[in-house]
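Please take a moment to look over the sequence and the model before reading on. The paragraphs below lead through them step by step.

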Amino acid sequence: MIHELPQTIRSESQVNYSYMTINMTSSRIDKGLIAIPVSLAEWFPKHNGIINVYLDDSLNLQPKTFSSYKSSTRECRIGGVADWFETNEIKSGDEIVIQVMDKENFIYRLITEKRFIARTKELQYGFDRSASEQEASEKITAIAQWTNMGKKKVVLSEFKLH
């Protein structure tokens, strides 16, 4: 039996913002969990417990079980996401974006890469169509919150696109 390992993928960004994805495998989907590669372990708690996640673009935090690399499984895992997999029709080979929203309080966002890109492009399009400086400023704030970046970095990223 071939053991399926999660992969972290850093690809050329279509939205001018860097992000990390995890390539989903059928065995992890069947178990309703996301396996976090060791290379990303530093962004997660050192002990088993509960983390809070935003699913997709929801504003409501949801508690999820977390197993640290130091657990008996010897891998970081986010559990309790089977319903989310089903709702989003996640299948083997799909990529999940994991955003670290607040490392100290262990808050993350989980979203499919397709939805992350679509939402980011939607926000960028809104910025491009801003009719006033006030509206442009509001759009920059929305992009900064979505990408979890500072406003200055967002302004520079948006400037690079044009």
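In which loop is Asn148 found? Asn148 is found in the loop between helix 4 and helix 5 (151–161), where helices (H or I, at least four residues) and strands (E, at least two) are DSSP runs, numbered from the N terminus. This is a predicted model, in which local features need pLDDT of at least 70 and side-chain atom pairs count only at pLDDT 80 or more, while totals for chains, interfaces and linings use all residues. Residues are numbered from 1 along each chain as its sequence is written, and side-chain values use heavy atoms, with hydrogens and water left out.

With this numbering, the protein chain as a whole can be described. The protein chain holds five helices and eight strands, and along the sequence these follow the pattern β-β-α-β-β-β-β-α-β-β-α-α-α. Of its 162 residues, 41% count as buried, where buried means under 20% relative accessible area, exposed means over 50%, and partly exposed lies in between (1.4 Å probe, protein chains only). If one takes the contacts (heavy atoms within 4.5 Å) between residues at least 6 apart in sequence, 55% of them join residues at least 24 apart.

Now turn to the strands. Strand 4 (residues 49–55) and strand 5 (residues 61–67) pair in the antiparallel sense over six bridges, and two strands are said to pair if DSSP finds at least two bridges between them. Within this pairing, Ile50 has Thr65 in strand 5 as its bridge partner. The two strands, 4 and 5, form a hairpin with five residues between them, and Asp56 in the turn has a positive phi of about 60 degrees. Strand 5 is also joined by two bridges to strand 6 (residues 76–79), and these strands run antiparallel; here the bridge partner of Ser67 is Arg77 in strand 6. In a regular strand the side chains alternate between the two faces of the sheet.

Elsewhere, Thr21 has its place in strand 2 (residues 21–23). Is Thr21 buried or exposed? Thr21 has a relative accessible area of 1%, and therefore counts as buried. Its side chain is joined to that of Glu95 by a polar contact of 3.0 Å; a polar contact is a pair of N or O atoms within 3.5 Å, and within protein one must be able to donate a hydrogen and the other to accept it, while residues adjacent in sequence count only if both atoms are side-chain atoms.

The backbone and the loops come next. Most residues other than glycine have a negative phi, and most peptide bonds are trans. Glu89, however, has a positive phi of about 50 degrees although it is not a glycine; Glu89 lies in the loop between helix 2 (82–87) and strand 7, and counts as exposed because its relative accessibility is 65%. Asn148, also not a glycine, has a positive phi of about 60 degrees, and at 36% relative accessibility Asn148 counts as partly exposed. Lys31, found in helix 1 (residues 26–31), is exposed at 53% relative accessibility. Lys31 and Val81 are 50 residues apart in sequence and 8.9 Å apart in space, C-alpha to C-alpha.

On a 1 Å grid over the protein atoms alone, a cavity is a set of points where a 1.4 Å probe fits but cannot get out, and a pocket is an open set with protein on both sides within 12 Å along at least five of seven lines, while lining residues have an atom within 4 Å of a point. Grid points are joined across faces, edges and corners, and a volume is the space filled by probe spheres set on the points. By this rule there is one cavity of 30 Å³ or more. The largest cavity holds about 60 Å³ of space, and is lined by Met20, Leu40, Trp43, Phe44, Ile98 and Val100.

The largest pocket has a volume of about 420 Å³. Of the 15 residues that line this pocket, the closest to its centre are Ser18, Tyr19, Met20, Val100 and Thr147, and strand 7 (residues 95–102) gives the most to the lining, with three residues. The second largest pocket has a volume of about 170 Å³, and the largest share of its lining, three residues, comes from helix 4.
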